[in-house]
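Let's take a walk through a protein together, one piece at a time. Open the structure, keep the sequence beside it, and follow along.

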Amino acid sequence: IVVRYAFRRARRRTIGLLIDEHGLSASAPRWVPVAEVEAFIREKERWILRRLAERTRERPPAFQWREGAELPYLGRNIALALTRSAGTPRLEAGLLHLPASAAQPARMRETTLGWLKTAALALYRERAEALAARGGMALKEVRLSSARTQWGSCTAGGRIRINWRLMHFAPPYIDYVIAHELAHLVEMNHSRAFWRVVAGMYPDFQAARGFLRSRGHLIPAL
């Protein structure tokens, strides 16, 4: 069996393995030879193959854009509903009311994602300002990200990007990602000092980090 994997050098003391939606990745300190990394992967072969199989089985089915379809939003499901009005989408009592013009799947997708991204940017800006104030950071700007491999990113100039797909999750997980990116305004690394900064804004960061690593791939592919 041949298993492809991504490899990177990292500031850590041991070899680390991660299996996510992109497959297997390995990280190791600079002083560990590649041969030792591959030997470690062979040693963990059973676990790796089992986890890769589990990830394949866990992939959510393709989202069906139709009236009544349920979409995860801030940790709960909301249903898509068509109205006769021509107004903008509105959320009421667990129903996202869409204008009649959004009846076709492509138009329904476009309208729903537009609403979702608008809501995401407003929420992210609000939470980033609150968390930045808590951590004493100088935040310049919050933008949306559509990245497939990252929940967020940060620039040295005080700007952060947060993935709009986080709107599928409950607010605490959104706060964690925002706190993570804000912490990079102080520490542009993942050192112990960095995680202390994160903890100052979001003390329960380890649980949120673990949740996103283990369940983050289960959101629908919109």
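Start with Ala86, which is exposed, with a relative accessible area of 76%. Here, buried means under 20% relative accessible area, exposed means over 50%, and partly exposed is in between, all with a 1.4 Å probe and protein chains only. You'll find Ala86 in the loop between S5 and S6. Labels like these come from DSSP runs, numbered from the N terminus: helices are H or I runs of at least four residues, and strands are E runs of at least two. Now look for Pro99: Ala86 and Pro99 are 13 residues apart in sequence, yet C-alpha to C-alpha they sit 5.0 Å apart in space.

Before going further, a word on what you're looking at. This is a predicted model, where local features need pLDDT of at least 70 and side-chain atom pairs count only at pLDDT 80 or more, while totals for chains, interfaces and linings use all residues. Residues are numbered from 1 along each chain as its sequence is written, and side-chain values use heavy atoms, with hydrogens and water left out.

Zoom out for a moment. The protein has six helices and 10 strands, and its C-alpha trace spans about 65 × 50 × 25 Å along its principal axes. Of its 222 residues, 37% count as buried. A contact means heavy atoms within 4.5 Å. Among contacts between residues at least 6 apart in sequence, 45% join residues at least 24 apart.

Two strands pair if DSSP finds at least two bridges between them. As for angles, they run from 0 to 180 degrees between N-to-C directions, and axes are lines fitted to C-alpha atoms, for helices over the stretch in contact.

How do the strands of this sheet join up? Next, S5 (residues 76–82) and S7 (residues 95–98) pair in the parallel sense over four bridges, and Leu80 stands opposite Leu96 in S7. On to S6 (residues 90–92), which is antiparallel to S7 and joined to S7 by three bridges. Arg90 has His97 in S7 as its bridge partner, while Leu91 has Leu96. S6 and S7 also make a hairpin with two residues between them, and in this turn Ala93 has a positive phi of about 50°.

Buried residues of H3 include Met108, Trp115, Leu116, Tyr124 and Leu131. After H3 comes Gly136, with a positive phi near 70°.

A second open sheet has three strands in the order S8-S10-S9, again with mixed pairing. Its edge strands are S8 (141–145) and S9 (152–154), each pairing on one side only, and the twist averages 20° from one strand to the next. S8 and S10 (residues 159–163) pair in the parallel sense over five bridges, with Glu141 partnered by Arg159 in S10. H3 packs on this sheet, touching S8 and S10, and its direction makes about 145° with that of S8. H4 packs on the sheet too, touching S9 and S10, at about 155° to the direction of S10.

Let's finish with helix H4 (residues 171–183) and helix H6 (residues 205–215). Their axes come within 9 Å and cross at roughly 105°, so H4 and H6 are roughly perpendicular to each other (65 to 115 degrees; under 35 counts as roughly parallel, over 145 as roughly antiparallel, and the rest as oblique). Where they meet, Tyr173, Tyr176 and Val177 of H4 touch Phe205, Ala208, Arg209, Phe211 and Leu212 of H6.
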